[in-house]
Amino acid sequence: MRIRLIQGLAVLATGLLAGAFGYGAANLVPTFNAVPLDMRLSFHAELMKMNGITMQVAMAVSTLSSLTLATLTRGRARLISGTAGLLTLASFLITRLGNVPINGRIKEWALTSAPVNHAEILRRWELFNNLRTLTALIAFALLITLSLRPVAGAPPGASGPTSGGNS
């Protein structure tokens, strides 16, 4: 039962993470690029204030629950959940080392003005955004795949990670 709860938490948190990043990549970024620069900078700076807490919590819960699931399972289930955990950790590192420093610049630009090379810096932010979206999406797909696997010794139609009796 414990494994199923941790697995459910991992799927939920990673799905929320992938969904939030996916929404941003599919909807927010094209909108950012369609509006005047001063509007983009102001909105981007305000959005990051809200995202700072919620996205970090989603990344932390995704990573910790996936890695916890890896410690509670074995075999292929351990490999899949461990890989998902490492991918969500990669999303966190890409965010902290790539997007967050640029977000700090954007916040300054919203109060002053953007530098001449702002387009290149914003393209780099979008590259980091696409990378973290991809890592979160792959992690989510792995956890879904794990959820759809049959449980060892379970009746036909049951699914979930092979737990080795730790449930």
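## Stop 1: the H1 and H2 pair

H1 and H2 cross in a left-handed way, meaning that the near helix is turned anticlockwise from the far one by less than a right angle (clockwise would be right-handed). Before you click further, know that this is a predicted model, where local features need pLDDT of at least 70, side-chain atom pairs count only at pLDDT 80 or more, and totals for chains, interfaces and linings use all residues. Residues are numbered from 1 along each chain as its sequence is written, and side-chain values use heavy atoms, with hydrogens and water left out.

Helices here are DSSP runs (H or I, at least four residues), numbered from the N terminus. Select residues 2-34 for H1 and 37-72 for H2. Their axes are 8 Å apart, and the packing angle is about 155 degrees. An axis is a line fitted to C-alpha atoms over the stretch in contact, and angles run from 0 to 180 degrees between N-to-C directions. H1 and H2 are therefore roughly antiparallel, a label for angles over 145 degrees.

Colour their contact by class and you get 18 nonpolar, eight polar and two charged residues. Nonpolar covers Ala, Val, Leu, Ile, Met, Phe, Trp, Tyr, Cys and Pro; charged covers Asp, Glu, Lys and Arg; the others, Gly among them, are polar.

## Stop 2

Now select 75-111, which is H3. The H2 and H3 axes come within 9 Å and cross at roughly 165 degrees, so these two are roughly antiparallel as well. Their contact holds 14 nonpolar, 14 polar and three charged residues.

## Stop 3: over to H4

Next, pick residues 118-148, helix H4, which packs against H1 at about 150 degrees with the axes 8 Å apart. That makes H1 roughly antiparallel to H4. The contact of H1 with H4 has 15 nonpolar, 10 polar and two charged residues.

## Stop 4: a salt bridge

Show the side chains of Arg40 and Glu126, which meet in a salt bridge at 3.7 Å, N to O. The term means a side-chain nitrogen of Lys or Arg within 4 Å of a carboxyl oxygen of Asp or Glu. Arg40 is in H2 and Glu126 in H4, so the pair ties together parts 86 residues apart in sequence. The whole structure has three salt bridges.

## Stop 5: the largest pocket

Which residues lie nearest the centre of the largest pocket? Select Met48, Asn51, Gly52, Asn103 and Arg132. A pocket is an open set of points on a 1 Å grid where a 1.4 Å probe fits, with protein on both sides within 12 Å along at least five of seven lines; lining residues have an atom within 4 Å of a point.

The space in this pocket is about 440 Å³, and 25 residues line it. H2 gives the largest share, nine residues. By class, the lining has 13 nonpolar, eight polar and four charged residues.

Technical notes:
Parallel < 35°, antiparallel > 145°, perpendicular 65-115°, else oblique. Points joined across faces, edges and corners; volume = space filled by probe spheres on them.
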